[in-house]
Amino acid sequence: MRDVLDKVYPWYQAGESFGLATVVSTFRSAPRRPGAAMAVSASGTVVGSVSGGCVEGAVYEEAEAARTTGRPVLRTYGVSDDDAFEVGLTCGGTIQIFVEPVSRRTFPELPDVVASLSAGEPVAVATVVTGADDGAGALGSRLVVWPDRSSDTLGSAALDRAVGLDVRGLLDHGTTMLRHYDTVGRCLDGAERAEPGGLTVFVESFVPRPRLLVFGAIDFAAAVAELGSFLGYRVTVCDARPVFATASRFPHADEVVVRWPHEYLAEEAGAGRVDDRTVVAVLTHDHKFDVPLLTTALRLPQLAYVGALGSRRTHRERLARLREAGLEERELARLSAPAGLDLGARTPQETAVSIAAEIIAARWGGTGRPLTRTDGPIHTATAPDERPPAPVEAG
């Protein structure tokens, strides 16, 4: 939803109904992750993607049907027959896509969700993707959940309470996934999911963008900031030197801060504004800046990545100074330096790609090796314990 919201919200505000298709689960290799969305307007305009092209045509027809009939539907796509190239995933994976009509009538809470996204307030939308025709757990019913409140209903107070508690737990970690319940809110596992009356809820969590903290206002920092913004990070460039740390030099940064780097990072951590998605890139090349900064960063357990630019000689000197500062080997082991993957990068832009590649690999458990030299699925499953749904033809 987040990817297409800027385009579809004007349709909603104009009183139009549109079809929305959302990936709710994947198995093995799949081109898009849960939460990826595609919308079809009343005029036939398409925004977004659910598969990178494999099943877009079939999903387009489903979205059109949902918009005109007002009935949601869950579809499964995979390589299942001789026509798999046309209606299935050529990559060999399996995806489930929930298609629903969206309008002021079907989703009256959407303006509240949009307001929360604009304000950076965490919010989750829980939607029943398999359920009853009506009553508790009806197909397409939804619960919108914030850390301190909720709105709408899944059809019963007991179900709302149970799902609401689970959703808040998922929202704390920014997790998007399927959950399985009976109509009174009891979680179902394994074979219980096939019992009559069971329902499946897709929980889509919207949390503030992860942060990329770039320390050192140099030309490499401008390239890292631009690529970080492209990847969806909220980018901060920080440097103690006001002559270099200016907004005009870093147009792709969300903010430019003139502070001593270690003081700024400690303040942000103390205020709870860094988490386990936060990435730190140290580009200062100056011991008086990077030693106190890295000492602070490597002692923060929640950071997703800490990388430092520099030659191998610079890094050896840096390690010696960090040990003198009292850092232990287990703390130093968290430091990626010299930062980046071995791409043979030379320019600031190439170096930014190298650093970004290492960050992505660290986030998703990638090896950094060429895909031609690896085996197995290219895209890892979101929920390894989920059994693959049976592929079916479109329509």
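**Exercise 1.** Find which residue stands opposite Ala-39 in S3, then describe how the strands around S2 are arranged.

*Solution.* Bear in mind that this model is predicted.

Step 1. Ala-39 has Val-47 of S3 opposite it.

Step 2. Strand S3 covers residues 46-48, and its pairing with S2 is antiparallel, over 3 bridges.

**Exercise 2.** Work out which way the side chains of S2 (residues 37-40) point.

*Solution.* Step 1. Start from a general rule: along a regular strand, side chains alternate between the two faces of the sheet.

Step 1. Check it here: Ala-37 and Ala-39 point one way, while Met-38 and Val-40 point the other way.

Step 2. Ask about burial too: all of these residues are buried.

**Exercise 3.** Decide which strands stand at the edges of the open sheet of 6 strands.

*Solution.* Step 1. Write down the order, which is S13-S12-S11-S14-S15-S16, with parallel pairing.

Step 1. Strands S13 (255-258) and S16 (335-336) each have a single partner strand, so they stand at the edges and one side of each lacks a neighbour in the sheet.

Step 2. Val-279 has Tyr-305 in S15 opposite it.

**Exercise 4.** Describe how helix H8 (residues 287-297) and helix H9 (residues 312-324) cross.

*Solution.* Step 1. Their axes come within 10 Å and cross at roughly 55 degrees.

Step 1. That angle makes H8 oblique to H9. The crossing is right-handed.

Step 2. List the contact: from H8 come His-287, Asp-290, Val-291, Leu-294 and Thr-295, and they meet Thr-314, Glu-317, Arg-318, Arg-321 and Leu-322 of H9. Sorted by type, the contact residues are 3 nonpolar, 3 polar and 4 charged.

**Exercise 5.** Is Glu-331 buried or exposed?

*Solution.* Step 1. Locate Glu-331 in helix H10 (residues 329-332).

Step 1. Its relative accessible area is 10%. Buried means under 20%, so Glu-331 is buried.

Step 2. Leaving aside neighbours within four places in sequence, Glu-331 is in contact with Leu-298, Arg-299 and Gly-326.

Methods. Residues numbered from 1 in each chain as written. Predicted model: local features only at pLDDT ≥ 70, side-chain atom pairs only at ≥ 80, totals over all residues. Heavy atoms only, no water. Axes fitted to C-alpha atoms, helices over the stretch in contact; angles between N-to-C directions. Helix = DSSP H or I, 4+ residues; strand = E, 2+ residues; numbered from the N terminus. Parallel < 35°, antiparallel > 145°, perpendicular 65-115°, else oblique. Left-handed = near helix turned anticlockwise from the far one by under 90°. Contact = heavy atoms within 4.5 Å. Nonpolar A, V, L, I, M, F, W, Y, C, P; charged D, E, K, R; others polar. Pairing = 2+ DSSP bridges. Buried < 20%, exposed > 50% of the residue type's maximum accessible area, 1.4 Å probe, protein only.
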